[in-house]
Amino acid sequence: MDCEGCERKVKKSVEGMKGVTQVDVERKASKLTVVGYVDPKKVLARVAHRTGKKVELWPYVPYDVVAHPYAPGVYDKKAPAGYVRNAEDPQVSHLARASSTEVRYTTAFSDENPAACSVM
C-alpha cells in the first residue's frame, strides 16, 4: 500500500463482511488486521477481488514464539523488528526439540549447574 487511497480501499473491502468487528491497516508494513469471527480464506479472496492486489496471510510471528528464531528458513531480513517467519516448515521443525539424552549431555558441563560435574 502506497497511499491513503489504497489504504482506504483495502479497509472498505472488508468492513462490511459478516463477523468482522474491527479492521486495522498499517500502511508502512502493508498489513491489514481483521478481528472477528471470519474465515481467513474468505477475507483473502474478498480483498484480492475488490482491490486487485496480491494478498497473503501475515507470515510473521513474534521471535519469542519460535524455538529457533535464527534457523535457516525462519530468520528473514525483510521481517519487521521483533518478528520472524512462522516455523511450520518440516525441515526446520527437527530443530524445535532436543531429545532428553541431548539435554542431559549438554547440561552436564554447564556453568549454570555447579553440581553437575564434580570431576575437575
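## Exercises with worked solutions

The side chain of Ser13 has a polar atom 2.6 Å from the backbone oxygen of Val10. That is a polar contact, here meaning N or O atoms within 3.5 Å, where within protein one must be able to donate a hydrogen and the other to accept it, and residues adjacent in sequence count only if both atoms are side-chain atoms.

Before we start, a word on the model: it is predicted, with local features needing pLDDT of at least 70 and side-chain atom pairs counting only at pLDDT 80 or more, while totals for chains, interfaces and linings use all residues. Residues are numbered from 1 along each chain as its sequence is written, and side-chain values use heavy atoms, leaving out hydrogens and water.

### Exercise: the overall layout

**Task.** Work out how many helices and strands the protein has, and in which order the elements run.

**Solution.** 
- Begin with the count: the protein has four helices and four strands. These are DSSP runs numbered from the N terminus, helices being H or I with at least four residues and strands E with at least two.
- Now read from the N terminus: the order is α-β-β-α-β-β-α-α.
- Next, take burial: 21% of the 120 residues count as buried, that is, under 20% relative accessible area with a 1.4 Å probe and protein chains only (exposed is over 50%, partly exposed in between).
- Finish with contacts, meaning heavy atoms within 4.5 Å: of those between residues at least 6 apart in sequence, 33% join residues at least 24 apart.

**Task.** Describe how helix H1 and helix H2 pack, and find which residues meet.

**Solution.** 
- Locate the pair: H1 spans residues 4–15 and H2 spans residues 40–51.
- Look at the geometry: the angle is about 130 degrees and the axes are 9 Å apart. The axes are lines fitted to C-alpha atoms, for helices over the stretch in contact, and angles run from 0 to 180 degrees between N-to-C directions.
- List the partners: on H1, Lys9, Val10, Lys12, Ser13 and Val14 meet Val43, Arg46, Val47, Arg50 and Thr51 on H2.
- Sort them by class: four are nonpolar, two polar and four charged. Here Ala, Val, Leu, Ile, Met, Phe, Trp, Tyr, Cys and Pro are nonpolar, Asp, Glu, Lys and Arg charged, and the others, Gly among them, polar.

**Solution.** 
- Ser13, in helix H1, has a relative accessible area of 2%, so it is buried.
- Setting aside residues up to four places away in sequence, Ser13 touches Arg46, Val47, Arg50 and Thr51.
- Turn to Thr51, in helix H2: at 12% relative accessibility, Thr51 is buried.
- A polar atom of the Thr51 side chain lies 2.5 Å from the backbone oxygen of Val47, and one lies 3.3 Å from the backbone nitrogen of Lys53.
- Beyond neighbours within four places in sequence, Thr51 is in contact with Lys9, Val10 and Ser13.

### Exercise: residues of strand E3

**Task.** Find which residues Tyr60 and Pro62 contact beyond their sequence neighbours.

**Solution.** 
- Tyr60 belongs to strand E3, residues 60–62, and at 12% relative accessibility Tyr60 is buried.
- Leaving aside neighbours within four places, Tyr60 contacts Asp76, Lys78, Ala79, Pro80, Tyr83, Val84 and Arg85. Its C-alpha is 8.3 Å from that of Pro80, 20 residues away in sequence.
- Pro62 is also placed in strand E3, and its 34% relative accessibility makes Pro62 partly exposed.
- With the neighbours within four places left aside, Pro62 contacts Gly82 and Tyr83.

### Exercise: a loop and a strand

**Task.** Say where Ser30 lies, what its phi is near, and which residues Val34 contacts.

**Solution.** 
- Ser30 sits in the loop between strand E1 (20–26) and strand E2 (31–36), and at 44% Ser30 is partly exposed.
- The phi of Ser30 is near 55 degrees, a positive value in a residue other than glycine. Most residues other than glycine have a negative phi.
- Val34 lies in strand E2 and, beyond neighbours within four places in sequence, contacts Val14, Val20, Gln22 and Val43.
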